[in-house]
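Subject: Structure handover

Hello,

Here is the structure for you to look over. Please open it beside this email as you read.

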Amino acid sequence: MLMSRFPVVAVVGRPNVGKSTLVNRFLRRQAAVVEEKPGVTRDRKEFPAEWAGRRFVVVDTGGWAVSGDELIGGIRQQAEAAVSGADAVVFVADATTALTDDDVAVARLVQRSGVPVLLAANKADSPKVDPELGPLWSLGLGEPRPVSALHGRGTGDLLDDLVALLPWVEGGEPDEDHVATLAILGRPNVGKSTLLNRLLGEERVLVSAEPGTTRDAIDAVVELDGEPFRVYDTAGMRRPARVDEATERYSVVRARQALAVSDVALLMVDAVAGVTHQEQRLAEEIVDSGTGLIVLLNKWDAAGPEEKAATEDGVGDRLAFVGWAPVLRLSALTGARLKRVPGAIRAVLEARRARIATPELNRQIRAWQEAHPAPTRKGRRARVLYAVQAGTGPPAIVLFVRGGELGPDYLRFLENRLRSTYDFIGSPIRLVTRSRKPGRGSPEEMDDQR
């Protein structure tokens, strides 16, 4: 991890004791997903934090339980991994309920790790609760510190004690400006978390056959061919009518937030199930966000000949409007053909940074207009007087138009000409029109006068 140069604090405890709420209190913002029912946090998620001038990383973990199904076992393993890699642990207990076997089990795990620990007695909303904390001493983790993650009571003192436990680290902040960001998107259970784990080389994200295991946008820094990338594993995004839980709605919002800050989206398609309307909707969201796009046909090795043919037909049909995106066939589970991904990412990033010189751009557009003028609309024919590339990431081109409006069909024509002439693989292109009123000099004319 790029942030591992800073001390790491793991926040652990049994389900529904308020770990994520306490993490949000540490961060002073709503970063971790919080809901009253247990089991909302399932993976371990890292957040950069700062207190009293000291920078550290907070790791929010899923609720640790002694027994349960395979999913509970995976959550427990994630919490254990967080403790093993931490410089300090905040053990969160519920000050308003009796100790449980799960509390004791987590306490023993922390004791065996040998990592310094602070015991936070959460939900102590008023001093009236403090005399009831006696039983927490039996956990053997030292003095229980009464706090209220919800209202903030005692959390400042807890942070003071916490940073005093952390080792000093020389050096400034990690420089993440050069790190490109990727977002893994797709329907539930398409293999997004499996892909992230494969890229990381460890079981960082919980994987289960149960759809919807990932509830929040999990991010990690991975190194691909010697180059670091920040990767977001997002929650499976379903049709709005199918999103009926508050937690899932919030997770979809977080997935969209991850997409908004990403440079390239990896849209995963289940090659066995084929391309559905949902992949089409996701591709539309990616294009609208201006993010680069790579389509990954996952589970390719598990698909039969008919399923492969149907999936490729679906890509050509439902995803025809993003035909400029690279399409890779791979298996996240086995790692087959995964080596092609870094090269495709670099190609898309380069395309997003591409810039066309203004004189060359105008020569090309004039030639295209002469060969194929814009169609007449309401008795008027629009004409592009001047064009300039206003930005990159994605490439944005402003067209100054006189004589009416350019319709969507002609804008698509210009985009297709741009793509056939320049290498904009995997990147959306923004075409923005600006009308020029009669009698005013065009930007081109003013440029010539200068």
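Predicted model: local features only at pLDDT ≥ 70, side-chain atom pairs only at ≥ 80, totals over all residues.

Residues are numbered from 1 along each chain as its sequence is written, and side-chain values use heavy atoms, with hydrogens and water left out.

The sheet

Helices (H or I, at least four residues) and strands (E, at least two) are DSSP runs, numbered from the N terminus. Two strands pair if DSSP finds at least two bridges between them. Six strands make an open sheet with mixed pairing, in the order S2-S3-S1-S4-S5-S6. Its edge strands are S2 and S6 (144-146), each pairing on one side only. From one strand to the next, the twist averages 30°.

Start with S3 (residues 54-60). Six of its seven residues are buried, so S3 is largely enclosed by the rest of the structure. Buried means under 20% relative accessible area, exposed over 50%, and partly exposed in between (1.4 Å probe, protein chains only). S1 (residues 8-12) runs parallel to S3, joined by four bridges. There, valine 9 stands opposite valine 58. S2 (residues 45-51) runs antiparallel to S3, joined by seven bridges. Glutamate 46 has valine 59 in S3 as its bridge partner. S2 and S3 form a hairpin with two residues between them. In that turn, alanine 52 has a positive phi of about 55°.

At another place in the sheet, S5 and S6 pair in the parallel sense over three bridges. Leucine 119 is partnered there with proline 144 in S6.

Helix H1

H1 (residues 19-27) is mostly covered, with seven of its nine residues buried. These are Lys19, Ser20, Leu22, Val23, Asn24, Phe26 and Leu27. What covers them includes S1, S2, S3, S4 (88-94), S5 (117-122) and H4. Contact means heavy atoms within 4.5 Å. H1 lies across S1, S2, S3, S4 and S5, at about 160° to S3. Axes are lines fitted to C-alpha atoms, for helices over the stretch in contact, and angles run from 0 to 180 degrees between N-to-C directions. Just after H1, arginine 28 takes a positive phi of about 60°.

In H4 (residues 155-165), the buried residues are Thr155, Leu158, Leu159, Leu162 and Val163. Seen down the axis of H4, they fall within an arc of 125°, so they line one face of the helix. The arc is that of the directions from the helix axis to the C-beta atoms. Asp157 and Ala164 are exposed on the other side of H4.

The axes of H1 and H4 come within 11 Å and cross at roughly 80°. The two helices are therefore roughly perpendicular to each other (65 to 115 degrees by the cut-offs; under 35 is roughly parallel, over 145 roughly antiparallel, the rest oblique). Leu22, Arg25 and Phe26 in H1 meet Thr155, Leu158, Leu159 and Leu162 in H4. By class, this contact has five nonpolar, one polar and one charged residues. Ala, Val, Leu, Ile, Met, Phe, Trp, Tyr, Cys and Pro count as nonpolar, Asp, Glu, Lys and Arg as charged, and the others, Gly among them, as polar.

Threonine 181

Threonine 181 lies in S7 (residues 180-185). Threonine 181 is buried, at 11% relative accessible area. Neighbours within four places in sequence aside, threonine 181 contacts Arg230, Tyr232, Val261, Ser262, Asp263 and Val264.

Best wishes
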